[in-house]
Structures are given as structure tokens and as C-alpha cells.
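Student: I have a structure to read and would like to know what the terms used for it rest on. Please go through it with me.

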Amino acid sequence: SGTRLGRTGNRILALANQKGGVGKTTTSINLATALAAIGRHVLLVDLDPQGNASTGVGIAKQARRLTSYDLMIGRATVTEALQPTAVPGLAIIPATVDLSGVEVELVDDASRAYKLKEALRRLDEPFDHILIDCPPSLGLLTINALAAAEAVLVPLQCEFFALEGLSQLLRTVEQVRKHYNPTLSIDGVVLTMYDRRNNLSEQVETDVRAFMGRQVYETVIPRNVRVSEAPSHGKPVLIYDLKCPGSVAYLALAREVLRRDGGGSLARPEPTAA
Ligand code: ADP
Ligand code: MG
């Protein structure tokens, strides 16, 4: 059955990997856009102080008045902070560099790990999907995303140390289940920047699939120059060049996400005993 524990009507996915440059932001933007293109109502939460997801959907710095920072410190609600984008069906809560201060600002707040969860719980506009773009670290912002999420989606670049990085992330997910969110699932691993001319990509794919099994998405995102050009135009690649291999792959990923979501096919973790 498709029953999910703690289901709120919003499918909340955190895109996380402690490594930078693996495709978290690119996948956040383009999976969100692809889901919206299929007709879903999607909210993208930019939770990285670098604000690259905000830039990538065309929200200029001066247009970021209320941000994920205001959300985290309780100064704005989700409804107040979200902004429409040029993509129909896709809204974003942008980020600015202010966000890098929350770790220190919330240091004495006993519920600091649950700021995002609390904010999203009070959401009065229903979204089919909420995607959270995490920063490249396992600090308080990523913990907030993992505490709020039903599942974590891990973009993984096909490179030599991919499995070591993945093991580290899995240990963090275990810790988060134990302390903050017992029903967090891994749903799932997405191979990014795949290069068919490079034997290493193929070798990493084989190893990751052997290690993670069905938790690895069938869809693989190819390395594609159109994908890397799109953000400088403030556009998701699906808007920039709908027919390029990157756009085709992100549409396929969106369909696979919907298929898995509807079928509830991935194993959920056993809730950890307290
Ligand atoms: P992260 O958010 O994990 O730091 P990004 O999504 O910002 O990673 O991606 C890192 C860099 O790789 C960016 O310059 C981005 O444009 C590029 N990139 C990401 N995915 C692809 C792809 N499929 N093909 C080509 N370049 C990509
Ligand atoms: Mg990023």
C-alpha cells in the first residue's frame, strides 16, 4: 500500500549530500520544475546560504525580501516567505547569506533542530511536493531539513570517492532517525553528471547499485553542458532547453519519483526504539 507514516499531504524531500558540487542544487531546481511541468504543485525551499537555487529559478538578490532565514528564526511564515517563479506551479522560498548566521543565533534554542519542521507544519497552502535544497555540510541547516522531511534524496556524482561519501551520509541519516526523525527514509540515490565515455562512471554506478540496490533511481542524470549553462540565465534547464538530454533525464526522474511515491515501493526504515 502507499500508506506513509506521518503523511501530511505534502511530500517533503530533502536533497542532501555533505559534499559540494555533486548536483544537489541542480537536481532541486530541475526535479522541482519537472514535477511542476507534470502538473504538480511544488514548493522549493532554498536552505543553502549561497542561494544558488534562488538564482537558478530567476529570483534576483534584491527580490529576496523574506527568506528561509526569516522562516528559521520565526520571523515569517511559509505563506509569507514564498514567491512565485516563472515556472507555473513552482514557488520558492529564497535564501540569502543571512542564513549562515542561524547556527549561532539558535545555539541556545532547545528546539533549534525543528525550526523548519514547525514552519512547514503551519503551512496553509497545500503542495504536492516540497523540495529542500541543503547546503554542503551536515550542520544545523541540513539537520533541520532531515528532521522536517519524509525522505532524503541523495544526488551522487559518479566519481572515485562516491561510496565513502555515501557511507558518511548514511551514518548521518541513522543518527537523524535516532534523535530527530525515526521515519526518515532514503528515497533514493540519484546518479548525477554521468559520463558514458568514462569507465569510472560505469564502475561507480555498478558499485552504488550493488551497495544500495533499489534505493538507487533507475534514471541517471547525464553530464550535459546545457544543464550547467541554464543557471546563468536564471532558468531551470527545462525552460532553457526542453529537448536537451539533461531536461529529458529530469523529466524521467520526476516520473520515477511519482511512480515510487504512489506505489510506496521502497522499504521504509524500522522506527528506531528509543
Ligand atoms: P551542489 O548543489 O551539490 O553543490 P550543483 O548542483 O551546484 O551542486 O552542481 C555543481 C556544478 O556542476 C554546477 O556548476 C552545475 O552547473 C554543474 N552540474 C550539475 N549537474 C550537471 C550536469 N548534469 N551536467 C553538467 N553540469 C552539471
Ligand atoms: Mg548547492
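Student: What share of the residues in the protein chain is buried?

Tutor: Buried residues make up 45% of the 274 residues. A residue is called buried if 20 or more other C-beta atoms lie within 10 Å of its own, exposed if 12 or fewer, and partly exposed in between, with C-beta atoms placed from the backbone. The model is predicted: local features need pLDDT of at least 70, side-chain atom pairs count only at pLDDT 80 or more, and totals for chains, interfaces and linings use all residues. Residues are numbered from 1 along each chain as its sequence is written, while chains are lettered from A and ligands numbered from 1 in the order in which they are written.

Student: How many helices and strands does the protein chain have?

Tutor: There are 12 helices and seven strands. Helices (H or I, at least four residues) and strands (E, at least two) are DSSP runs, numbered from the N terminus.

Student: Why is the protein chain called as compact as a globular protein of its length?

Tutor: The radius of gyration, taken over C-alpha atoms, is set against the globule rule, 2.2 Å times the number of residues to the power 0.38. The chain has 17 Å, close to the 19 Å that the rule gives for 274 residues, so it is as compact as a globular protein of that length.

Student: What is the order of the strands in the open sheet?

Tutor: The order is S3-S4-S2-S5-S1-S6-S7, with mixed pairing. Two strands pair if DSSP finds at least two bridges between them. S3 (83-84) and S7 (185-192) each have a single partner strand, so they stand at the edges with one side left without a neighbour in the sheet.

Student: How do you know that S1 pairs with S5 and with S6?

Tutor: Five bridges join S1 to S5 (residues 129-133), in parallel, and three join S1 to S6 (residues 151-157), also in the parallel sense. Both counts meet the requirement of at least two bridges. Ala-14 has Ile-132 as its bridge partner in S5 and stands opposite Val-152 in S6.

Student: Why is S1 called largely enclosed?

Tutor: Five of the five residues of S1 (residues 11-15) are buried, so the rest of the structure largely encloses this strand. Arg-11, Leu-13 and Leu-15 cover one side, and Ile-12 and Ala-14 the other.

Student: What makes a residue part of the shell around ligand 1, and how many are there?

Tutor: Its C-beta atom, placed from the backbone, must lie within 6 Å of the ligand. The shell holds 18 residues, and among the closest are Lys-24 and Ser-228.
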